[in-house]
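Dear colleague,

Please find the structure below. My notes on it follow.

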Protein chains: 2
Amino acid sequence: MLSRPVKWEKEKSEYGPELRLFRVRFDWLINPRTGSSEQMTILEGPDSANVVAITPAREMVFVRQFRVGIGQYTLELPGGIIEQEEDKRTGAARELREETGYGGSDWTYLGKVASNPVFMDSYVHHFLLRHAQITSTQQLDSGEEVEVVLLQMEEVEKRWRQGGFLHPHTVTALQLFFQQQRNSF
Amino acid sequence: MLSRPVKWEKEKSEYGPELRLFRVRFDWLINPRTGSSEQMTILEGPDSANVVAITPAREMVFVRQFRVGIGQYTLELPGGIIEQEEDKRTGAARELREETGYGGSDWTYLGKVASNPVFMDSYVHHFLLRHAQITSTQQLDSGEEVEVVLLQMEEVEKRWRQGGFLHPHTVTALQLFFQQQRNSF
């Protein structure tokens, strides 16, 4: 066992095939424990954001959509990829507006997690929007089909505590909300 | 908005380049909202498992390792990929043993999340091991360098509440533990 972190040197780097969501990069790193060169796969992609949006009636705004990875419909917090020219909050607000039609001005940054630190270079930023209200209509991409679902905060908390949400980034956003902000509602 | 889920038909499916961690599949699905055909990227891979392992001294077993995705060291729960011939718990126990040398017999299944339902077909299974103790030595792959770190349960909970863990699957496992099992320790 190592007593503290040692830097892994990058031996070389190479790009793999272009996917739709990611740019695939292979890195060869020298393992400081063994000295051997190891090929690692990294999926490069933009950061994303999701939003805990709460209406004046203490409802949370969720989206139900078909997730092709697991081949089923999920209930998730609204969110998506932050565009290159956007700051995080602008991207979060745009994704919320496009997916649900909800908007507002009372934003709080809750925190972040890595998308998946093992092989992805991006982060997911979690935001809270208080006093969310309908400000526009849905504007969906051709690849999207999104149903807006309002759930009472207590119902969300119960479901979250029971492990009822499948998307890890929905779970982590709710965790930060219920730990940090719950008492202010 | 749709009143309830409608099945997306699969138009065709095609395999992309073989990566090291995944098999890349492209699916073309017909969006029931628009009727248009959409190309989707799916990364096929095996399920994985991670473990909340607790010693008799109320310490949790963590691993510190370099995560090439985000290019930094993280503190995570031990875990890894479940091999094809293993059941989930056998895989969880093997990964715990190989990464940390800890083992035991008092296992509980905590629940699961999708790895990432947007583009991955796999799940992460969360396990609890009570009365964890050192039963063997670390057995690391050539691509691994893992430092075992023991943290007091209260310290873990504090850090978790503050959003101090970067790996989403560590956060979701801890959530199920602190929601379901905390009172029994």
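Angles under 35 degrees count as roughly parallel, over 145 as roughly antiparallel, 65 to 115 as roughly perpendicular and the rest as oblique. This is a predicted model, in which local features need pLDDT of at least 70, side-chain atom pairs count only at pLDDT 80 or more, and totals for chains, interfaces and linings use all residues. Residues are numbered from 1 along each chain as its sequence is written, with chains lettered from A and ligands numbered from 1 in the order in which they are written.

Helices H2 (residues 153-161) and H3 (residues 168-180) of chain B have axes that come within 11 Å and cross at roughly 120 degrees (axes are lines fitted to C-alpha atoms, for helices over the stretch in contact, and angles run from 0 to 180 degrees between N-to-C directions; helices, H or I of at least four residues, and strands, E of at least two, are DSSP runs numbered from the N terminus). H2(B) and H3(B) are therefore oblique to each other. In this pair, Val156(B), Glu157(B) and Trp160(B) of H2(B) meet Val171(B), Leu174(B) and Phe178(B) of H3(B); residues are in contact if their C-beta atoms, placed from the backbone, lie within 7 Å.

The contact takes 54 residues from chain A and 55 from chain B. H3(A) gives the most to chain A's side, with seven residues.

Regards

Methods: Two residues are in contact if their C-beta atoms, placed from the backbone, lie within 7 Å.
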